[in-house]
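Welcome! Let us take a friendly walk through a protein fold, one part at a time. Keep the picture open while you read.

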Amino acid sequence: MSLINWNRNRELFPNIPSFFENAGWDDDFLSTVWNNRKMPAVNISETKDNFLVEVAAPGMEKKDFHVSVENGMLTISAEKEEKKTEKKKNYRRQEYSFESFERCFRLPENIKTEKVEAKYDNGVLKISLQKAEVVEPKKIEVAVA
């Protein structure tokens, strides 16, 4: 089972996404258009033992990220605020920028939520989600007396 991308726009506009999906556009495109902001690219890979979620977020720092798991939902968000002030003899210039994003993914039931690890390196946030062992149901024969 793979991670399922969850998008709040689907709750706000339940009929509109299906129209766009039929046109070949995905939820990330819709979220970008509706929220008028850039969303980082996300790669999700799966091995026998874990999932690896990689978020491309260059220019951020570790302190900018917030990663949480709650009620079966992985939420990745970041905020970065930057202020620059330049003073010269005849003028003063002040620039301000603010970047933020939030991505949410519904997790499969077999994730060990207490074992989630995140690491930010070279512009990529890597989140490792360890799978729990799947316990096969046991069949017991019961004699009828």
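## The chain as a whole

The protein chain has an accessible surface of about 11,100 Å², and 48% of that belongs to carbon and sulfur atoms. Such areas come from the Shrake-Rupley method with a 1.4 Å probe, and for residues only the protein chains shown count as cover. This is a predicted model, in which local features need pLDDT of at least 70, side-chain atom pairs count only at pLDDT 80 or more, and totals for chains, interfaces and linings use all residues. Residues are numbered from 1 along each chain as its sequence is written, and side-chain values use heavy atoms, leaving out hydrogens and water.

There are three helices and eight strands in the protein chain. Helices (H or I, at least four residues) and strands (E, at least two) are DSSP runs, numbered from the N terminus. Along the sequence, their pattern reads β-α-α-α-β-β-β-β-β-β-β. Of the 145 residues, 26% count as buried; here buried means under 20% relative accessible area, exposed means over 50%, and partly exposed is in between (1.4 Å probe, protein chains only). Take the contacts between residues at least 6 apart in sequence: 53% of them join residues at least 24 apart. A contact means heavy atoms within 4.5 Å.

Now look for the open sheet, where four strands follow the order 2-3-8-7 with antiparallel pairing. Strand 2 (42-46) and strand 7 (117-121) stand at the edges with a single partner strand each, so one side of each has no neighbour in the sheet. From one strand to the next, the twist averages 15°. For such angles, axes are lines fitted to C-alpha atoms (for helices over the stretch in contact), and the angles run from 0 to 180 degrees between N-to-C directions.

What holds paired strands together? Strands of a sheet pair through backbone hydrogen bonds, either parallel or antiparallel. Two strands count as a pair if DSSP finds at least two bridges between them. Strand 3 (residues 50-56) and strand 8 are antiparallel and joined by seven bridges, with alanine 56 partnering valine 124 of strand 8. Five bridges join strand 7 to strand 8 (residues 124-130), again antiparallel. Here aspartate 121 stands opposite valine 124, and glutamate 117 has serine 128 as its bridge partner.

## A hairpin with 15 bridges

Next come strand 5 and strand 6, which run antiparallel and are joined by 15 bridges. A hairpin connects them through four residues. Threonine 75 is found in strand 5 (residues 73-87), opposite cysteine 104 in strand 6. Is threonine 75 buried or exposed? Its relative accessibility is 15%, so threonine 75 counts as buried. Leaving out residues up to four places away in sequence, threonine 75 touches His66, Val67, Ser68, Glu102, Arg103 and Cys104.

Arginine 106 lies in strand 6 (residues 92-106) and is partly exposed, with a relative accessible area of 35%. Arginine 106 and threonine 75 are 31 residues apart along the chain, and their C-alpha atoms are separated by 8.8 Å.

## Two asparagines in loops

Most residues other than glycine have a negative phi. Asparagine 71 has a positive phi near 50°; its place is the loop between strand 4 (65-70) and strand 5, and its relative accessible area of 71% makes it exposed. Asparagine 122 also takes a positive phi near 50°, in the hairpin of strand 7 and strand 8, which has two residues between the strands. With a relative accessible area of 72%, asparagine 122 is exposed.

## Meeting the rings

How many aromatic pairs does a search of the whole structure find? The search finds one. Phenylalanine 65 and tyrosine 120 form this tilted pair, with 4.8 Å centre to centre and 45° between the planes. Phenylalanine 65 lies in strand 4 and tyrosine 120 in strand 7, so the pair ties together parts 55 residues apart in sequence. Rings of Phe, Tyr and Trp (its six-membered ring) pair if their centres lie within 6.5 Å; planes under 30 degrees apart count as stacked, over 60 as edge-to-face and the rest as tilted. Phenylalanine 65 is buried at 14% relative accessibility, and tyrosine 120 is buried at 13%.

Finally, lysine 131 lies over the face of phenylalanine 51, at 5.0 Å from the ring centre. A charge sits over a ring if NZ of Lys or CZ of Arg is within 6 Å of the ring centre and within 35 degrees of the ring normal.
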